[in-house]
Amino acid sequence: MNSLIQLRHTLHQHPEIAGEESQTAQRILDFFKPLNPDETIEGLGGTGLAFIFKGKNPGKRLLFRCELDALPIEEKGNPSYQSTVSGKAHLCGHDGHMAIICGLGEKLAQERPESGEVVLLFQPAEETGEGAQAILNDSRFEEIRPDYAFALHNLPGFPLHQVVLRKGTFAAGSTGMRLHFTGKTSHSAHPDAGINPAQALAQLMQQLPQLPKEIPGFSLLTLIHAELGSLAFGTSAGKGSLGMTLRAFDQEDLDLLIEKAQALAKKIATEERLKLEVEFVEKFAVSHNDQELYEVVKVAAGQLGLNVVEKAEPFNWSEDFGLFSQHCPSFLFGLGSGENCPQLHEPTYDFPDELIETGVGVFEKILEISSPENQIQSKY
């Protein structure tokens, strides 16, 4: 386990943000070379990696996924292995998640599965919501298309080592949306000669956050950025933009919220004689947990003597593992990283090394329970 901790510390010292994870991928590749996986796929969906361990007999293909990318945030904590890259740091725990999957790789190198295949996927660009889609769009995804997919995320605020489960939605789907308005600039002494987006922005800033009241289930629209013209006091603005994040626990509710936001923006743009362009960024699907896989993970945690808690409501944040749940039965669960652990994305956050062994143990037990001779397998 010390080698895995050292690996995490090295990854922590050399963070790379979404789309730039080439050195991180190389470190993972170097770690796996002596483990002799049956197949290795490089450059998957960009910088992604997949390591395939084949069983002795035909069977199901199980995929275990982690994330390669760090965050564009300056680290303010002071571990001995602090980030050496200014303005970038592993403040979400992806370094720890990678160490866990590497630990599972060590176990598989010692003993292949009895049947089927195990795919260990190191996915790029989770933080921007682009990585999972890039993996799925890669033609080589067919070589690793799973029957079942698993992932975990560490969760500050929950007791250390506690396993956090939910059936159905585990984490919200979300998307970033930007509305770009184009009117006509004019002299600020003659604003009537131009078309200023100010009134459109003002109306939308009041009305857009109210749209979730029209959605059946939980949804939320958060305004995050507004821009109007420039600081030129002699000029009435001719351009403006509004940025927001939309999220919901149900994919249909999210789609409905997006539809309503676009319709409102189009209506007001028309009334104000403005040209409207809509841009979507950082799209995350709802993370939906398969009910039968819930039983697998629950039993796995129980056999390890771990405390298990059923979360009453889904998490408001998003995780792009949700996209896998649209392609196969999938399960995302949480591992408590301590009630006093700084929250994810906070500058002082650091992944607890003690969780590495726990994460490896849960994934290893999931493999054991999913073997053909186990009763739970017969449910699928």
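No disulfide, defined as a pair of cysteine sulfur atoms within 2.5 Å, is found in a search of the whole structure. C102 takes part in no such bond, and the nearest cysteine sulfur, that of C66, lies 6.8 Å away. The structure is a predicted model, in which local features need pLDDT of at least 70 and side-chain atom pairs count only at pLDDT 80 or more, whereas totals for chains, interfaces and linings use all residues. Residues are numbered from 1 along each chain as its sequence is written, and side-chain values use heavy atoms, with hydrogens and water left out.

For C328, the closest cysteine sulfur, in C66, is 16 Å away, which is too far for a bond. C328 has a relative accessibility of 9% and therefore counts as buried (under 20% relative accessible area, with exposed over 50% and partly exposed in between; 1.4 Å probe, protein chains only). C102, at 0% relative accessibility, is likewise buried.

The protein contains eight helices and 16 strands (DSSP runs, numbered from the N terminus: H or I of at least four residues for helices, E of at least two for strands). Its radius of gyration, taken over C-alpha atoms, is 23 Å, close to the 21 Å given by the globule rule for 380 residues, so the protein is as compact as a globular protein of that length. The globule rule is 2.2 Å times the number of residues to the power 0.38. Along the principal axes, the C-alpha trace spans about 80 × 45 × 40 Å. Of the contacts (heavy atoms within 4.5 Å) with a separation of 6 or more, 81% join residues 24 or more positions apart.
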